[in-house]
Amino acid sequence: MMRRSKLIVGVLIALLALGITIYQTRWKNAASAGGGPGGFGHGGGPPVSVRIDTAHLGNIDVVIDALGTVTARNTALVRTRVDGPLIKLHFAEGRDVKAGALLAEIDPRPYQAALEQAQGQLAKDQALLTSAKNDLNRYQTLLTQDSIAGQQVEDQAALVHQCEGMVKSDRGTESAARLNVEFTHITAPIAGRVGLRQVDVGNIVHASDTTGIVYVTETKPIFVVFAVPADRIPAIDHLWRSGTTLKAEAYDRDGKTILATGHLDGTDNQVDTTTSTVKLKAIFDNADGALFPNQFVNVRLTLETLNKQVLIATSAVQRGTPGTFVYRVNDDSSVSLKVIKLGVSRNDVAAVIDGLHAGDRIVTNGTDKLRDGARVDIAVDAPAGSKGKGGGKGSSGGKPADPSSGHRREPASN
């Protein structure tokens with residue numbers, strides 16, 4: 001019985017020893033294949049396939065992004081100044097018109113008749129004035145001959161003054177009647193684009209109508225009003241008052257297509273306490289009519305341009321326990337973790353203040369499999385826009401990104 005127990009114990013010990021040996025052998029093989037505790041590509045493991053970009057010198061803009069509303073430079077509601085039936089419209093809806101262009105006509109016949117009546121009364125009173133003046137001249141001659149009383153001469157002089165007043169009043173009446181005739185031809189008060197008509201031909205229009213006939217908006221040039229954080233106003237106001245032209249760009253709602261380019265035209269004089277923002281106004285030529293009044297656009301205001309900055313693709317930037325870092329590719333196809341300090345950035349471009357130099361190759365794709373010291377295999381089919389000046393197998397054929405396209409994004413409001 002004892003011999004049997006010892007045999008069982010010996011077998012168990014042998015099996016345990018065999019299991020430990022097998023576990024150690026497999027652990028070592030796995031560590032060798034997986035790059036050891038350092039991760040993929042570390043030590044003698046296979047290299048990691050990555051894509052790279054090259055840090056380069058370029059310019060980057062400091063900008064403020066905001067949401068803006070397109071506002072017409074001038075808007076006028078065309079209304080009639082006299083009452084009458086609308087007999088003709090001379091404009092095409094949505095077309096541009098010049099200042100003073102004929103837009104509509106009102107039946108002028110009643111006003112033409114009133115003008116002729118005023119002209120007739122004026123002619124009558126002018127004749128009376130001429131007759132009174134002639135009589136006064138004769139009376140004055142007789143007075144010098146002592147053939148007439150002085151009171152009669154004075155009465156005649158008063159009659160002349162009375163006739164002169166009547167003539168002056170008639171001329172005013174004639175001028176008013178002539179204006180009414182002119183007002184039957186309704187013209188554009190400003191140059192701009194006409195909208196949809198508010199009344200049709202054949203309707204009776206009145207000077208008291210609130211709807212008017214048509215709106216005319218001046219859209220060339222045109223304004224965009226937008227709000228920026230109040231703490232950005234001192235810098236903006238300093239640059240603007242010093243005579244610096246601050247470029248403003250209007251983008252569509254998606255922020256991808258530029259609609260127009262202009263410059264800052266003015267600032268408001270107070271802070272909106274509800275949003276802690278200040279309204280700014282930019283002006284655009286709008287020669288192609290891309291901007292419409294009351295349209296919402298994204299505005300990008302450029303404050304300054306930083307020159308000769310080390311620029312990299314933002315896809316290369318990593319954040320973790322070391323801080324903000326990138327993987328730099330060494331000459332021996334290994335990578336080094338480099339902690340960097342970022343400056344301004346815009347979309348896919350970021351400026352590096354410290355930690356990199358122009359010409360350094362950095363990994364932009366495949367960073368999730370890398371560790372410090374890992375070996376890499378640089379893919380040839382680098383994404384379009386990367387510099388890829390790694391040379392040899394590590395070079396990429398992509399087109400370099402435009403270094404001057406960088407902008408810094410600022411929040412539109414607090």
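These are my notebook entries on a predicted model of one chain.

**Ground rules.** I number residues from 1 along each chain as its sequence is written, and side-chain values use heavy atoms, with hydrogens and water left out. Because the model is predicted, I take local features at pLDDT of at least 70 and side-chain atom pairs at pLDDT 80 or more, while totals for chains, interfaces and linings use all residues.

**Confidence.** I looked up pLDDT, the predictor's confidence in each residue from 0 to 100. The chain averages 84, and 82% of the residues score at least 70. Residues 27–40 stay under 50, with twelve contacts (heavy atoms within 4.5 Å) beyond four places in sequence. Residues 382–414 are also below 50, and that stretch has 93 contacts in the model beyond near neighbours in sequence.

**Overall.** I find four helices and 21 strands; these are DSSP runs numbered from the N terminus, helices being H or I of at least four residues and strands E of at least two. Of the 414 residues, 37% count as buried, that is, under 20% relative accessible area, with exposed over 50% and partly exposed in between (1.4 Å probe, protein chains only). Among contacts with a separation of 6 or more, 74% join residues 24 or more positions apart.

**Second largest pocket.** I noted its volume as about 190 Å³. A pocket here is an open set of points on a 1 Å grid over the protein atoms alone, where a 1.4 Å probe fits, with protein on both sides within 12 Å along at least five of seven lines; lining residues have an atom within 4 Å of a point. The volume is the space filled by probe spheres set on the points, which are joined across faces, edges and corners. The lining includes Arg 193, Tyr 215, Phe 292 and Asn 294. Strands S7 (192–194) and S9 (214–229) each supply at least two lining residues, and S9 gives the largest share, three.

**Aromatic pair.** I counted one, taking ring centres of Phe, Tyr and Trp (its six-membered ring) within 6.5 Å, with planes under 30 degrees apart as stacked, over 60 as edge-to-face and the rest as tilted. Phe 325 and Tyr 327 are edge-to-face, 5.7 Å centre to centre with 85° between the planes. Phe 325 counts as buried because its relative accessibility is 9%; Tyr 327 is buried at 6%.

**Ser 336.** I placed Ser 336 in strand S16 (residues 335–339). Its relative accessible area is 17%, so Ser 336 is buried. Leaving aside neighbours within four places in sequence, Ser 336 contacts Val 326, Tyr 327, Arg 328, Asn 330 and Asp 372.
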